[in-house]
Amino acid sequence: MPTNAGEGLELDRLILVGALATALLPGAALVLALRIRSPLLAVSLVPTASIAVLSATATAVAPLGPAFTPAVVGVVVALLLVIGGVRWARSGIRPARPRFRPVAPVLVGISGVLVGTFVVIRMWLRGFGGLERVPQEHDMVTHLLVVSYIERSGQAAPWSIRPTDLLTGEPVTFYPAGAHLAPALLSRLGAGPVAALNATTVVYLGICWVLSVAVLTAVAARRLSAGTGTAWLASGVAAVIAPALYRPGVQLMHDGGIYSGAVALALAPGLLAAMLLATGEPRLGTVLGTGAGAAGILAAHPSAAATVALSVVAWLVGDLFARGGGRRTARSVPVLLGSGVVAAVLALPLLLRGSGSAGATSSFGSGFVGYPLGDALGSSLGLVYGGYLDPPRAIGLAGLTALYLYGVVVVARAGGGLGVVLAWATWTTITVSYMLTAATGPFALVTGLFYNSQARIWSHVSLFVPTLAALGVILTTTAVVRRLRHRIHRPLPVFARSWPVASALALVAMAVLVLVPVHRAITTNTAVVGARYATPDFVRVGPDDLAAAEFLNGRVAPGERVLNSANDGSAMLYVEYGIPIVNATTLGTGSAPYTYRLLRSFDRYPDDPTIRQTLRALDVGWVYVDSEAPGIGATGAPEGWVPPSVPFTTAPGLSDLDRGLPGLTPVFRSGTVTVYRLDLTSIDPPA
């Protein structure tokens with residue numbers, strides 16, 4: 001552990017570099033091995049291809065015996081690098097270079113991406129208050145446990161995640177863990193589960209989100225036949241806008257710790273860009289690469305299939321409105337079908353394992369009954385915050401809303417196709433329909449794939465906002481510069497020619513965006529992230545929990561379990577020390593009824609031999625209780641054992657245990673956390 005702030009900052013930087021390597025290097029190696037020549041296509045594929053490589057490695061080694069470890073992954077990456085190096089050397093083909101001479105747009109575009117990346121990293125790190133800061137949102141309990149289980153057990157195949165019993169690894173309730181593989185590797189390298197997951201969150205929801213949006217914007221500009229210079233400038237503008245958006249990353253992490261869904265949505269623009277780029281490079285390597293990318297995003301969260309598929313289809317339909325759009329769309333079909341086949345093959349174990357969960361996913365209630373038409377339209381079109389931060393949806397990003405809606409008009413009038421506009425319009429329509437009719441509208445089949453969650457569905461609108469806003473700014477700028485240039489009939493110095501002037505104006509636009517609307521939005525986003533990390537609104541895991549975990553470390557005998565409620569900080573027993581806990585999910589799980597039955601009725605053990613039998617079978621020797629656990633919604637509790645109308649806090653079976661129950665002795669107390677020693681021999685002496 002660092003001893004001062006300076007050492008802590010240096011350690012955070014080192015861990016962040018490690019997170020970049022574990023999250024991106026496998027995909028980069030695959031791209032090299034497949035000889036993907038287009039730099040833009042390569043960048044768009046790396047994040048999702050990395051998840052695919054890690055998932056395929058975990059699946060392949062599981063039946064053979066070796067654990068999923070950094071050493072195993074290192075061997076796979078090394079093989080891919082060797083294969084790539086040999087193939088490139090034999091081919092004698094150099095990577096494709098952009099055929100573009102003016103340097104100014106390139107420099108401005110790169111500057112925008114670097115600024116956006118710096119801003120988003122700073123935002124997340126400030127919100128965290130350090131990578132060692134434990135998250136407080138309840139779903140993050142699951143994510144930390146999954147990362148820790150993969151690290152400790154070396155098991156990461158789809159049929160191994162997520163185990164109900166962390167000691168035996170069974171039974172398993174399917175959980176998409178593609179985005180947990182990189183942090184598990186980083187944790188095993190010494191970062192620890194908390195810092196590793198936080199660092200990978202910065203990579204996926206920060207760095208990759210900015211790059212993903214920038215690449216999609218470049219592709220959109222190219223498909224509008226706007227030119228390479230315009231593509232570079234628009235990418236830079238989109239990159240500085242991306243960190244300002246509340247969705248997908250910030251809201252999903254704030255309102256529920258929806259890490260897997262947020263990662264899939266953050267990477268979706270990049271994969272969409274890859275799918276669109278692949279049609280211009282119809283090679284086997286391209287098909288394999290885009291297929292691997294699709295398999296990777298499915299591993300992050302299977303709902304991404306709908307995100308990407310609907311977006312691609314809508315985009316291609318929009319392209320039909322461009323000259324030659326029909327031929328372009330026809331050429332796209334074989335490449336996209338081939339990519340789909342590759343994705344299905346690579347993701348087959350995941351799809352087979354997760355197929356039984358589809359019905360449960362779509363059965364989740366929406367939690368509301370719908371909004372009036374004006375409210376639904378305003379909320380869907382406007383970049384309002386909503387969610388727990390802004391329940392009445394009364395505040396938002398008015399300037400950026402006006403800018404991106406202006407971009408919709410500009411792109412629609414540009415005459416190069418309506419791909420990005422129709423993709424945005426499709427998800428806006430789905431969002432409006434959902435807000436009007438909740439989970440019963442015409443798109444219920446689609447919204448059900450996203451748990452009928454407003455935040456998840458609404459986030460899709462934001463995927464296209466930076467691109468539309470940036471295209472609005474840059475297409476207008478270049479049009480004005482060209483018009484002014486045509487009015488001047490004499491030679492101009494180099495710095496006064498079209499591209500240098502357009503680049504300078506784009507740079508000014510970026511500066512204005514960063515200093516005004518983006519700065520304000522970043523301030524809000526940082527505070528929102530901090531409300532679950534650095535300055536939490538509630539405490540699920542605090543110093544008392546960490547002290548209790550340290551107390552139990554070394555005292556729990558091999559094979560013993562600790563009865564707990566995962567709604568408090570007891571998950572840290574396993575995360576920090578590998579101590580087996582009975583409940584790894586906040587409300588228990590239907591695949592192991594004893595989990596929630598003990599939460600409901602443990603305190604009846606003196607008079608209920610069935611409960612005592614369960615406790616003996618699990619070898620429960622300790623009980624962990626936080627008397628002031630934060631409240632969560634109880635919708636979806638197995639057998640409805642908790643009334644959904646009442647927030648779930650401390651489990652009823654773990655409440656008021658200091659009333660002298662036989663065999664239950666408090667042995668540690670810190671604040672609201674108490675650890676009890678359980679000895680059932682005082683009730684049922686051994687035979």
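Select V317 to begin: V317 is partly exposed, with 37% relative accessible area. The model on screen is predicted. V317 sits in helix α12, which covers residues 304-319.

Next, go to R393. Look for R393 in the loop that runs between α16 (373-381) and α17 (398-414). Is R393 buried or exposed? R393 has a relative accessible area of 14% and is buried, because the cut-off for that class is under 20%. Show the side chains around R393. Another polar contact, at 3.1 Å, joins the side chains of R393 and S379. With neighbours within four places in sequence set aside, the residues in contact with R393 are Y371, D375, S379, V384, G386 and W458.

Then select Q454, in helix α20 (residues 454-462). Q454 is buried, at 15% relative accessible area. To check a distance in the viewer, pick the C-alpha atoms of Q454 and W427: 12 Å separates them, and the two residues are 27 apart along the chain.

The remaining stops are salt bridges. Side chains of opposite charge can pair when their charged atoms come close. How many salt bridges does a search of the whole structure find? The search finds 12.

Start this part with R13 and E10, whose side chains form a salt bridge with an N to O distance of 3.0 Å. Both residues belong to helix α1 (residues 5-33), and they are three residues apart, so about one helical turn separates them. R13 is partly exposed at 46% relative accessibility, and E10 is also partly exposed, at 47%.

Move on to R597 and E639. Their side chains meet in a salt bridge of 3.3 Å, N to O. R597 is in helix α25 (residues 594-601) and E639 is in the loop between β2 (620-626) and β3 (664-670), so this pair ties together parts 42 residues apart in sequence. R597 is partly exposed, with a relative accessible area of 40%, while E639 is exposed, at 58%.

For the last stop, select E137, R532 and D537, which salt bridges with shared partners join into one network. D537 is exposed, with 57% relative accessible area, whereas R532 is buried, at 7%.

Notes:
Residues are numbered from 1 along each chain as its sequence is written. This is a predicted model: local features need pLDDT of at least 70, side-chain atom pairs count only at pLDDT 80 or more; totals for chains, interfaces and linings use all residues. Side-chain values use heavy atoms; hydrogens and water are left out. Helices (H or I, at least four residues) and strands (E, at least two) are DSSP runs, numbered from the N terminus. Buried means under 20% relative accessible area, exposed over 50%, partly exposed in between (1.4 Å probe, protein chains only). A polar contact is a pair of N or O atoms within 3.5 Å; within protein, one must be able to donate a hydrogen and the other to accept it, and residues adjacent in sequence count only if both atoms are side-chain atoms. Contact means heavy atoms within 4.5 Å. A salt bridge is a side-chain nitrogen of Lys or Arg within 4 Å of a carboxyl oxygen of Asp or Glu.
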